[in-house]
Amino acid sequence: GELEQVKGIRYSLGEFLGEDISGDLLGNAARPRPHEVFHCVIYLSPGDYHHFHAPTEVDVTERRHFPGTLLSTAPFVVRLVKGLFSFNERVALLGQWAHGFFAFTAVGAMNVGSIQLPFDDELKTNAPRRRNKNVNERFYRREYKNEKAAFSRGDYMGGFAQGSTIVLLFDAPPNFKFTPKPGQHVRVGESLGRVQTEKKTG
């Protein structure tokens, strides 16, 4: 499966979050229907607020830390480098929300390799690569089994040293609609989207 990096440029979901996620999201016939997979990229410039909050109620069950490069995520660079989000260091928080799978990924950038999660003291980003215990994995995994990693809408989740990029990927009913238009500035607390309610007739 692929995601759209910018209009006309796509990148691999398996490379970005892991092949198991790609297979579960796009190839699992047992997943509840109807549903669609939605995708949103939020760029934080160096002058923007560089912390992130939960956009909805979500239970985070797993963290994946992908070491990588630190290329700029400025829009003009993203248009030039295919697969840039899969090259850069990033931290993916995976879990469930009211409509199914939810992934919240903080992507590092040039001079912004430090990603902090106040609820996860094991996470060490922007550091020399250490040997992964599982040589078959490209990322460091932590499962939140006994820890509390449930967030309500607006709860503080973490931050960058400066601006960078957030990528959201989630299940939702087909009638989900994003509220902002492409390129529109979004402030903390503003709606990113909603499931449209069907109007009853008769």
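1. Two strands pair if DSSP finds at least two bridges between them. In this predicted model, β8 and β11 reach that mark: two bridges join them, in the antiparallel sense. Gln116 stands opposite Gly159 of β11.

2. The largest nonpolar core has 27 residues. Phe52, Phe104, Met157, Ile166, Leu168 and Phe170 touch the most other members. Two or more residues come from each of β3 (36-43), β5 (58-66), β6 (90-97), β7 (100-107), β11 (156-160) and β12 (165-172). β12 gives the most, with four residues.

3. A further core lies apart from the largest one. This other core holds 18 residues, including Leu13, Leu17, Phe66 and Ala103.

4. Leaving aside residues up to four places away in sequence, Phe170 touches Glu36, Val37, Phe38, Trp97, Phe101, Phe102, Phe176 and Phe178. One aromatic cluster takes in Phe38, Trp97, Phe102, Phe170, Phe176 and Phe178.

5. The aromatic pairs number 14. One of them joins Phe102 and Phe170. Their rings are stacked, 5.7 Å centre to centre, with 20° between the planes. Phe102 belongs to strand β7 and Phe170 to strand β12, so this pair ties together parts 68 residues apart in sequence. Both Phe102 and Phe170 are buried.

6. Phe119 and Phe151 also pair, here edge-to-face. The centres are 5.2 Å apart and the planes 65°. Phe119 sits in the loop between β8 and β9 (140-143), and Phe151 in strand β10 (residues 150-151), so the pair links parts that are 32 residues apart in sequence.

7. Is Phe151 buried or exposed? Buried means under 20% relative accessible area. Phe151 has 9% relative accessibility, so Phe151 counts as buried.

8. The charged end of Arg90 sits over the ring of Phe66, 4.2 Å from the ring centre. Phe66 is also among the residues of the 18-residue core.

Note on methods: Residues are numbered from 1 along each chain as its sequence is written. This is a predicted model: local features need pLDDT of at least 70, side-chain atom pairs count only at pLDDT 80 or more; totals for chains, interfaces and linings use all residues. Side-chain values use heavy atoms; hydrogens and water are left out. A nonpolar core is a set of buried Ala, Val, Leu, Ile, Met, Phe, Trp, Tyr and Cys residues joined through side-chain atoms within 4.5 Å. Buried means under 20% relative accessible area, exposed over 50%, partly exposed in between (1.4 Å probe, protein chains only). Contact means heavy atoms within 4.5 Å. Rings of Phe, Tyr and Trp (its six-membered ring) pair if their centres lie within 6.5 Å; planes under 30 degrees apart count as stacked, over 60 as edge-to-face and the rest as tilted. A charge sits over a ring if NZ of Lys or CZ of Arg is within 6 Å of the ring centre and within 35 degrees of the ring normal.
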